[in-house]
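Please open the structure in a viewer and keep the sequence beside it.

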Amino acid sequence: MKITLAHGSGGKSTTDLIESVFAKHFSNPILNRMEDSAVVDSSSKIAVTTDSFVVTPLIFPGGNIGRLSICGTVNDLLMRGAVPKYITSAFIIEEGADTDTLALIAKSMADTAREAGVTIICGDTKVIEGSGGIYINTTGVGFVKESTDIVSTNLREGDAVVVSGNMGDHHAAILSARMHIENNIKSDNAPLGEMVQAMLKAGIELHCMRDVTRGGLGTVLNELAKASRVNIELREESIPVNAEVSSFAKILGLDILHMGNEGKLVAVMPMEQAEQAVEIIRQCRYGKNAQIIGTVRHGSGVTLITPIGGKRQVNVLYGQGLPRIC
């Protein structure tokens with residue numbers, strides 16, 4: 001099998017690559033859980049995650065690769081209920097990159113790290129031949145309370161499915177920038193610590209959380225449904241979407257359920273706590289459009305209920321999608 005751009009899309013091809021190569025050779029009980037970050041034992045429980053950022057263009061409406069690298073790493077830790085603390089950062093810089101651009105990216109990383117309450121504690125820089133590209137690898141570490149167990153196998157029949165805001169913003173912003181389409185769409189790249197910690201502090205029984213990145217909401221929910229062996233039933237009219245993003249997607253034939261974000265989460269909790277969770281998220285900086293979008297049912301896969309009562313199966317993203325989105 002030869003690697004194609006589809007293998008970086010976050011959809012079916014990415015899953016196949018992970019399962020056939022990395023999971024096969026790196027298999028162990030911690031890695032095999034396939035969560036956003038790994039929780040391991042030390043003097044206390046810690047969460048660890050690593051990520052690489054290759055977005056094109058480097059600077060896009062609403063953000064840049066520097067802000068994105070901090071948000072993506074912090075959010076992966078948060079999805080396990082961790083309090084993010086430390087980040088490492090390694091830069092791979094192609095010959096010809098502009099130092100002014102690099103300085104802007106570094107400043108954005110520092111500003112976002114302060115916003116997220118994390119410290120960049122070490123790093124590395126390598127320069128290679130190329131045409132001015134910049135790539136960033138990060139590792140994040142956070143601390144987890146002993147009583148916290150937020151994993152994708154925890155979904156239960158009757159649970160509510162909540163999203164923290166509009167779907168597809170980052171995907172639409174990146175594609176608009178690449179196609180030189182003028183609009184008001186901006187990336188949603190943001191650290192989500194405020195809403196996660198607020199829900200935990202309020203005693204919301206969070207069964208699972210995931211950030212909705214590559215592959216979109218449809219892919220993420222299929223992964224959760226498979227892990228917990230349940231069906232997730234979505235109400236299409238409840239899924240929040242910015243009107244301009246919705247129009248953009250329709251013009252280009254894109255499916256909102258397979259468009260990526262970089263500042264949104266999906267959370268699953270008991271139905272009786274869902275309204276409280278939504279109100280908590282809406283009070284936070286990046287959560288004003290939070291909604292209950294579905295219910296966990298008996299069965300398998302993900303089902304979408306249309307506004308007229310029809311049903312359709314929602315699959316994972318197949319094919320290339322939009323590569324180099326993060």
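Is arginine 229 buried or exposed? Select arginine 229: the residue is exposed, with a relative accessible area of 72% (buried means under 20% relative accessible area, exposed over 50%, and partly exposed in between, with a 1.4 Å probe and protein chains only). Its place is in the loop between α6 (216-228) and β10 (231-235). Although arginine 229 is not a glycine, it has a positive phi of about 55 degrees.

Before the next selection, please note that this is a predicted model, in which local features need pLDDT of at least 70, side-chain atom pairs count only at pLDDT 80 or more, and totals for chains, interfaces and linings use all residues. Residues are numbered from 1 along each chain as its sequence is written, and side-chain values use heavy atoms, with hydrogens and water left out.

Next, select histidine 180, in the loop between α4 (169-179) and α5. Histidine 180, not a glycine, has a positive phi of about 55 degrees. Histidine 180 is exposed, and its relative accessible area is 72%.

Now go to the loop between β2 (45-53) and β3 (59-60), where proline 57 lies. The peptide bond that leads from threonine 56 to proline 57 is cis, with omega near 0 degrees.

Then select helix α8, residues 274-282. Here Ala274, Ala277, Val278, Ile280 and Ile281 are buried. Viewed down the axis of α8, the buried residues fall within an arc of 160 degrees, so they line one face of the helix (the arc is that of the directions from the helix axis to the C-beta atoms).

Finally, display the whole chain, which has 8 helices and 14 strands (DSSP runs numbered from the N terminus: helices are H or I with at least four residues, strands E with at least two). Its C-alpha atoms fill a box of roughly 55 × 55 × 45 Å along the principal axes. Buried residues make up 52% of the 326 residues. Of the contacts with a separation of 6 or more, 84% are between residues 24 or more positions apart (contact means heavy atoms within 4.5 Å).
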